[in-house]
Amino acid sequence: MDPVGRDELLRDYGLATRLDEAPLAAVAELSTEPLENLVELAVRLSRVPYGVINVVTSDEQRQVAAVGIDAGICSRDDSMCSKVFLSGEATVVPDASLDPRFAANPFVTGEIAAVRFYASVPLETASGFVIGSLCVFSDSPAVLSKEQQDMLEVLARQAVQLLELQRRTLQLNTALNDVRESNAKLAEFAGRVSHDLRGPLTTMLGYVEMGEDDLETEHPAAEYFQLIGASGHRMLAMLEDVLSYSRMGGSIQRQPASLHTVAAEVANDLGLPFGPDAAVDSEDLKLHVDPGQLRTLLQNLVANAANYRSPDRDLKVRISGISNYHGVTVLVADNGKGIAVEDRQRVLEPLVRLHREGDGQGSGLGLAICRRIAEAHGGELTLKETPGGGTTAVISFPADL
């Protein structure tokens with residue numbers, strides 16, 4: 001394999017970032033602890049003081065996990081593992097100073113170290129790409145039993161699986177970041193378009209209202225003006241929702257907030273009675289969130305409960321919460337029509353509506369806005385069934401870091 005191709009493959013594993021560039025955020029977040037634990041097992045199994053997982057790039061050897069020494073970097077020319085890691089089999093040397101492959105190596109001569117016992121196993125993926133090696137060594141001669149060598153090879157295979165998991169994690173994180181950037185750009189575009197369309201539409205509705213005022217009730221065009229006005233107001237409401245969606249979840253200004261107080265404000269905004277035995281009731285709970293966005297979240301959920309209430313019973317919405325060391329979970333439970341299990345994830349996406357018989361008008365953005373607010377706080381929103389019928393929204397707000 002050519003050097004450039006080798007380094008490109010290693011970058012997929014987060015293992016070949018150049019020294020003159022900052023590591024990707026996704027790479028920086030990955031923990032080396034699982035690999036270090038594996039090296040610890042290899043060292044104890046081999047009864048030697050030192051062990052490393054080496055990654056061999058086009059021009060360097062990098063120790064990504066080490067036990068007994070500090071992980072470091074050396075040139076590929078100085079590396080012992082680079083001489084044998086492509087051999088396709090384990091290398092076990094009782095005394096490297098007597099082996100012609102390593103006798104003059106600076107890790108053996110004392111220039112860098114004084115390695116005597118040396119054993120390494122290639123880290124080969126299922127596709128045949130050799131990442132580097134699992135290596136154990138000592139500054140005194142030693143031997144490995146057949147059983148010890150077999151177990152060292154098992155640990156090498158485990159190391160490859162960990163590195164493959166790291167690769168998939170990086171790919172997933174990269175894809176997730178791309179989706180977030182795409183969603184942010186889409187939301188920004190939707191916000192700009194909504195803002196630009198709102199002005200002309202408001203002007204048109206103004207002329208429609210003037211036209212209605214100038215016509216007699218019995219005039220044939222009166223009904224047309226009413227239809228145009230109703231459609232225009234629905235469009236304006238949708239533009240307002242799109243604009244709200246683009247704004248929500250951006251800059252979060254966390255402040256102390258009372259769940260009971262915000263819930264009371266929401267009920268008042270929607271013209272619903274609040275308190276015990278009223279349409280909307282709430283426990284009190286102290287949160288550290290963006291109060292304005294919390295109010296929008298609760299308002300959308302309570303408005304949904306009112307819009308999709310059951311025809312068989314009076315509206316009841318119960319807002320409660322649970323606080324522990326993980327953070328705060330807010331539950332908004334209604335006794336409305338409910339949402340089928342297969343639709344609960346889908347309705348959280350923008351512009352998704354169920355179009356059930358008897359459902360009112362809506363833009364399909366209310367729940368998407370709620371989800372966006374929850375995620376902006378580092379949490380999530382899920383839906384489940386309320387005991388006895390209805391929908392319960394579960395919103396998690398993780399503890400402050």
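**Close-up views of a predicted model**

At 0% relative accessibility, Phe102 counts as buried, and this residue returns in the second of the views below, all of which show a predicted model.

**View 1. The stacked ring pair of Tyr50 and Phe137.** By the criterion applied here, the count of aromatic pairs comes to two. In one of them, the ring centres of Tyr50 and Phe137 lie 5.3 Å apart with their planes at 25°, so this pair is classed as stacked. Because Tyr50 belongs to strand β1 (residues 50-56) and Phe137 to strand β6 (residues 130-137), the contact ties together parts that are 87 residues apart in sequence. Tyr50 is partly exposed, at 22% relative accessibility, whereas Phe137 is buried, with a relative accessible area of 12%.

**View 2. The tilted ring pair of Phe102 and Tyr118.** The rings of Phe102 and Tyr118 have centres 5.2 Å apart and planes at 55°, so the pair is described as tilted. Phe102 sits in the loop between β4 (91-93) and α4 (106-109), while Tyr118 is found in strand β5 (residues 118-124), so that the pair links distant parts of the chain, 16 residues apart. Tyr118 is buried, its relative accessible area being 1%.

**View 3. Cysteines without a disulfide.** The structure holds zero disulfides. The cysteine sulfur closest to that of Cys81 belongs to Cys135 and is 4.0 Å away, which is too far for a bond, given that a disulfide requires the two sulfur atoms to be within 2.5 Å. Cys81 counts as buried, at 1% relative accessibility.

**View 4. The largest nonpolar core.** This core has 39 residues, of which Leu298, Ile319, Val330, Val332 and Ile395 touch the most other members. Among the elements that give two or more residues to the core are the helices α7 (259-269), α8 (291-307) and α9 (366-376), together with strands including β10 (317-324) and β11 (327-334). The element that gives the most is α8, with seven residues.

View 5. Helix α9 is mostly covered, with eight of its 11 residues buried; among them are Leu367, Ile369, Cys370, Arg371 and Ile373. For Cys370 the relative accessible area is 0%. The side chain of Arg371 meets that of Glu349 in a salt bridge (2.8 Å, N to O). Since Arg371 lies in helix α9 and Glu349 in the loop between β11 and α9, this pair ties together parts that are 22 residues apart in sequence. Arg371 also forms a salt bridge with Glu375, with the closest N and O atoms 3.3 Å apart, and these two residues, four apart in helix α9, are separated by about one helical turn. Just after α9, Gly378 takes a positive phi of about 85°.

View 6. Of salt bridges, the count comes to 14. In one of these, the side chains of Glu265 and Arg295 meet at 3.4 Å, N to O, linking helix α7 with helix α8 across 30 residues of sequence. Glu265 and Arg295 are linked with Asp269 in a network of salt bridges. Glu265 is partly exposed, at 31% relative accessibility, and Arg295 is likewise partly exposed, at 29%.

**View 7. A nonpolar surface patch.** Tyr224, Leu227 and Ile228 make a nonpolar surface patch of about 340 Å². Tyr224 lies in helix α6 (residues 220-247) and counts as exposed, at 56% relative accessibility.

How values were computed. Residues numbered from 1 in each chain as written. Predicted model: local features only at pLDDT ≥ 70, side-chain atom pairs only at ≥ 80, totals over all residues. Heavy atoms only, no water. Patch = residues over 30% accessible without salt bridge, like charges linked within 9 Å, V, L, I, M, F, W, Y side chains within 5 Å. Areas by Shrake-Rupley, 256 points an atom, 1.4 Å probe, with all protein chains shown as cover. Salt bridge = Lys/Arg side-chain N within 4 Å of Asp/Glu carboxyl O. Buried < 20%, exposed > 50% of the residue type's maximum accessible area, 1.4 Å probe, protein only. Phe/Tyr/Trp six-rings, centres within 6.5 Å; stacked < 30°, edge-to-face > 60°. Core = buried A, V, L, I, M, F, W, Y, C linked by side-chain atoms within 4.5 Å.
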